[in-house]
Amino acid sequence: MKIKSNIAISETGFIFNPATGDSFSANAMAAGMLAAIKKGDTAEQVKQEILQKYDVKPETLEHDWEDLLLQLKAANLLDA
Amino acid sequence: MHNNTNAPAPGLTIGVTGLNAHDNPGPGIAVIRSLKDAYGESVKIIGLAYESLEPGIYMDGMVDKTYQIPYPSAGSAALLERLESIHEKEQLDLIIPNFDSELYNFIRIAGHLAGIGIKTFLPTHAQLAARDKINLGNFGSKHNFKVPEFSLLNNINDISNAAEQLNYPLVIKGRFYEAQIVNNTEAAKKVFYELSAKWGLPVIAQEYIPGTEINVAGLGDGSGKAISVVPMRKLYITDKGKAWAGITIEDTELVQLGQQFCSALHWKGGFELELMKDSAGNLYLLEVNPRFPAWVYLTAAAGQNQPAALVKMALGEQVEPHTQYTTGKMFIRYSWDEIVDISKFQQFSAFGELSNKNE
């Protein structure tokens, strides 16, 4: 998974796609995950960090991860 | 904020039309605002208005003095006569017309105006006709623009043929302004009568393309070069289809379309491309407006002050094409109740001129 290079993500979780003018708000958790992905972390690295940091079951994380992925795809924020 | 890069000579007097800053606004106030960004208070703005309720007439921070001018239907001779009389008092350096419907006359008298010292920066009649709504299909096929299918409605009976060819929903558009989406014949007939009464014939029935509305504001130098191209996505659209909020976007394809337009017609002056991007990413050219859009101040805010660049070119300066603009710059339009004393309204209505300065 790779976020398009021109997508801007602020520390507050505001996401802006300059190619379409679309903007989105991510919660703190999603914003952290997106920032990690944007700086080049792999999906596995991001998931591992969350599992270490938070009290979450791997299957729940996997489910939420897939959900986030779908939302990012629908929002046209990922490289094809 | 004053954008004084390559600032033009001070002391200019510029006539501007399109002061109708209402819910379907003319570009006049946005053009003036852009000029004030570039020139500061050294520029004198002479408003040229058709009706006494055009809000710009009474906006003293924008317009120094306004004169009433005859409607386009009065013809170019009446317009020239009025402008000559205004020129005697104001010594106009330049006029920037901002209405589609007045351009024919202004182009026609541009030579006369130049002869008395008033500059313009306008396309030719042929260029104006080439991008006209009724010629847009030919323009698209000749110059490689994707244009929605359309049909001309010269009488009410043409609607059924158009609907058969294009299917509902249809976009019914006026000769010069306004468009409505209709879903059946009854609605199409109603809109046909409304728009033909207002703007004349033909009315245009256009294939409806669902998608994202994007506009491009541009400025051509007349030699085929685009001096400025700024794309904007509409974020909030009024029931009249006008952008009430918008944002500059980064899209080289859109910039190239603006450049392609200038190159195809050797367009001289401001223009606006109205585009629809469908879900597959196809860009359809819906319309080309032969003047700056009402949101043109966003171009100044994004770093490409198109009205200021037009003035420089009209004055004979060489202007290099702009290459950068700020993406993510937004405009959010708002309404404002300008309080006006009846004496001002009376002055303009009775005498056809009103100064916002103490004379």
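Here are some friendly notes on the helix pairs, sheets, domains and chain contact of this model.

1. Some ground rules come first. This is a predicted model, in which local features need pLDDT of at least 70, side-chain atom pairs count only at pLDDT 80 or more, and totals for chains, interfaces and linings use all residues. Residues are numbered from 1 along each chain as its sequence is written, while chains are lettered from A and ligands numbered from 1 in the order in which they are written.

2. Let us begin with chain A. Helix α2 (residues 43-53) of chain A and helix α3 (residues 58-74) of chain A have axes that come within 11 Å and cross at roughly 135°. Helices (H or I, at least four residues) and strands (E, at least two) are DSSP runs, numbered from the N terminus. Axes are lines fitted to C-alpha atoms, for helices over the stretch in contact, and angles run from 0 to 180 degrees between N-to-C directions.

3. Which residues make this contact? A:Lys47, A:Ile50 and A:Leu51 of α2(A) meet A:Pro58, A:Leu61 and A:Trp65 of α3(A) (contact: C-beta atoms, placed from the backbone, within 7 Å). By class, the contact of α2(A) with α3(A) has 5 nonpolar, no polar and 1 charged. Here Ala, Val, Leu, Ile, Met, Phe, Trp, Tyr, Cys and Pro count as nonpolar, Asp, Glu, Lys and Arg as charged, and the others, Gly among them, as polar.

4. Between the chains, 6 residues of chain A are in contact with 8 residues of chain B. The chain B side of this contact holds 3 nonpolar, 2 polar and 3 charged residues.

5. Chain B has an open, antiparallel sheet of 6 strands, in the order β13-β12-β9-β10-β11-β14 (strands pair if DSSP finds at least two bridges between them). At its edges stand β13 (283-289) and β14 (330-332) of chain B, each with a single partner strand, so one side of each has no neighbour in the sheet. Neighbouring strands are turned by 30° against each other on average, direction ignored. Strand β12 (residues 268-277) of chain B is joined to β13(B) by 6 bridges, and B:Lys277 stands opposite B:Leu283 in β13(B). Helix α10 (residues 306-314) of chain B packs on this sheet, touching β9 (212-221), β10 (226-237) and β12 of chain B.

6. A second open sheet in chain B has 5 strands in the order β4-β1-β2-β3-β15, with mixed pairing. Its edges are β4 (94-96) and β15 (353-355) of chain B, each with a single partner strand, so one side of each is left without a neighbour in the sheet. The twist averages 20° from one strand to the next. Strands β1 (residues 13-16) and β2 (residues 44-49) of chain B run parallel and share 4 bridges, with B:Ile14 opposite B:Ile45 in β2(B). Helix α1 (residues 28-39) of chain B packs on the sheet and touches β1, β2 and β4 of chain B.

7. The helices α1(B) and α10(B) also meet. Their axes come within 7 Å and cross at roughly 75°, which makes α1(B) roughly perpendicular to α10(B). From α1(B), B:Val31, B:Ser34, B:Leu35 and B:Ala38 meet B:Gln306, B:Pro307, B:Ala308 and B:Val311 in α10(B).

8. Finally, the domain assignment of chain B gives domain 1 (13-121 + 336-355) and domain 2 (149-207), with bounds from an automatic or database assignment. The C-alpha centres of domain 1 and domain 2 of chain B lie 32 Å apart.

Methods:
Contact = placed C-beta atoms within 7 Å. Parallel < 35°, antiparallel > 145°, perpendicular 65-115°, else oblique.
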